[in-house]
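Subject: Structure handover

Hello,

Here is the structure I said I would pass on.

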Amino acid sequence: RLWADLDARLDAPTGYRRSGNLRLARNEDEARTIRALVRDQQAAGLEITLLEGNAAVRAIAPALSEEVVCAALCPGDGHADPALVAAAFVSALERLGGRVRSGVRVTGITDSGGRFRAVETEAGPIEAHACLLAAGIGAPQLLAQLGLEVPLRTPLVAVAQTEPLADAPLFERPMPVLGVANADLAARRQIDGRLRVTSGLEPWAGPLAHDDAGLPAAYPSAGVLAAMLQRVARVLPILESAPLARIWGGVIDLTPDALPILDRAPGVEGLLVATGFSGHGFGIAPAVGRILRDLLLGQTPGHDLAPFRFDRFGEAPAQAAALALHG
C-alpha cells in the first residue's frame, strides 16, 4: 500500500506500476511447486490465483512461450525503477535538511562505554547520537570491529537490460513481473519499455570493482550471462531479438534464513543494524524505513521484530533457507 502513492509523497517519479506477478512452471515438477504455493498463500489470505494450462497463462501475458504449463497470478504485486526511487528518496531527504555524502569511504565505527560515538571515514569522523548501519554486504566487516558477527553469504544475480521495446505488439497490455518456480530467472518490463531480466543466485567470490563514475560494481561472467539469457528467451522469446543496452550484477546480502536483521546492535547503545535483506530489500524498503525510524527515535514499532533479531543465529545451527521463489 505504501508504494501506491510514493510518487506523490516523495514528489518525484518512482516508475511504480502495479501490473501483477506471474510465477511460471515450465514442467510438471515445477507445476507441483506452483500449485502448493497457491494453496498455501491463499490459506494465508493472499489474493493469488492458479492459471492451469498454457492458454490461460498466455491470456494474461501473450509474450510468453508455449513452454509454460501453469502459473500463479498475484494481481497485487508491482515493480518500480530502483534508480528513480533512490533519487527520489535522496531529494526528499535533502529537502528536509539531510545531507548526502557520496564517494566517502567508511572505515570503521567507534564506540566507548557500550555506546556508539562516531562513524570513521576517509574524510574524518562523523559524530552522532545514533547510527543506522545499512551497509549491505559491507556490514559484516564493520561490525566485526565491534566484536559482532553477521553470517552473510554474498551470491551474485546477473542483470541485463534491453533498449526500449515500445512498439512490440506482444506488449499491448502491462506485462506482469515474471518469475519461475525454481527462481533461476525473473523478468519485467519497465515503465520506459525496457525489459530487465535477471538470473538466479550465482556463486561470487568478489571483490567489488568500480565503474567509470567510481561507484561499486559487480559483473557476471560471460557463461552466467549467456545461460541466463537463454533461459529467459525460452519463456519470453522476444528477448532473442531485443538489443541489449546494459549488463551488470547485483550482490545479495543473504542470511541463513533469508530474513533481514532489523535490530539494535548487542552491547552498543545507539547503533541500529539493518542488513541481510536477501534480495527483498527494495520491495519492503518503504515499510522497513518506517520501522527503523521508530527504533532510532526510541519508539515501539507496530510490528513484531522477533524474527529479525540480531542474535538469532547463535541460538542453534543455522540452516540455509530454501530460496524457491524470488523475482
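Predicted model: local features only at pLDDT ≥ 70, side-chain atom pairs only at ≥ 80, totals over all residues.

Residues are numbered from 1 along each chain as its sequence is written, and side-chain values use heavy atoms, with hydrogens and water left out.

The largest nonpolar core has 30 residues. A nonpolar core here is a set of buried Ala, Val, Leu, Ile, Met, Phe, Trp, Tyr and Cys residues joined through side-chain atoms within 4.5 Å; buried means under 20% relative accessible area with a 1.4 Å probe, protein chains only. Leu22, Leu24, Val57, Leu64, Val232 and Leu236 have the most contacts inside this core. Elements giving two or more residues to it include strand 1 (21-25), strand 8 (156-162) and helix 6 (222-235). Helices (H or I, at least four residues) and strands (E, at least two) are DSSP runs, numbered from the N terminus. Helix 6 provides the largest share of the core, 6 residues. A second, separate core has 19 residues, among them Leu133, Leu143, Leu271 and Phe310.

Beyond its neighbours within four places in sequence, Val232 is in contact (heavy atoms within 4.5 Å) with Leu185, Ala187, Val197, Thr198 and Leu239.

Strand 4 (residues 106-112) and strand 5 (residues 115-121) pair in the antiparallel sense over 6 bridges; pairing requires at least two bridges found by DSSP. Asp111 has Phe116 in strand 5 as its bridge partner. The hairpin has 2 residues between these strands, and Gly113 takes a positive phi near 60° there.

Regards

Methods: Buried < 20%, exposed > 50% of the residue type's maximum accessible area, 1.4 Å probe, protein only.
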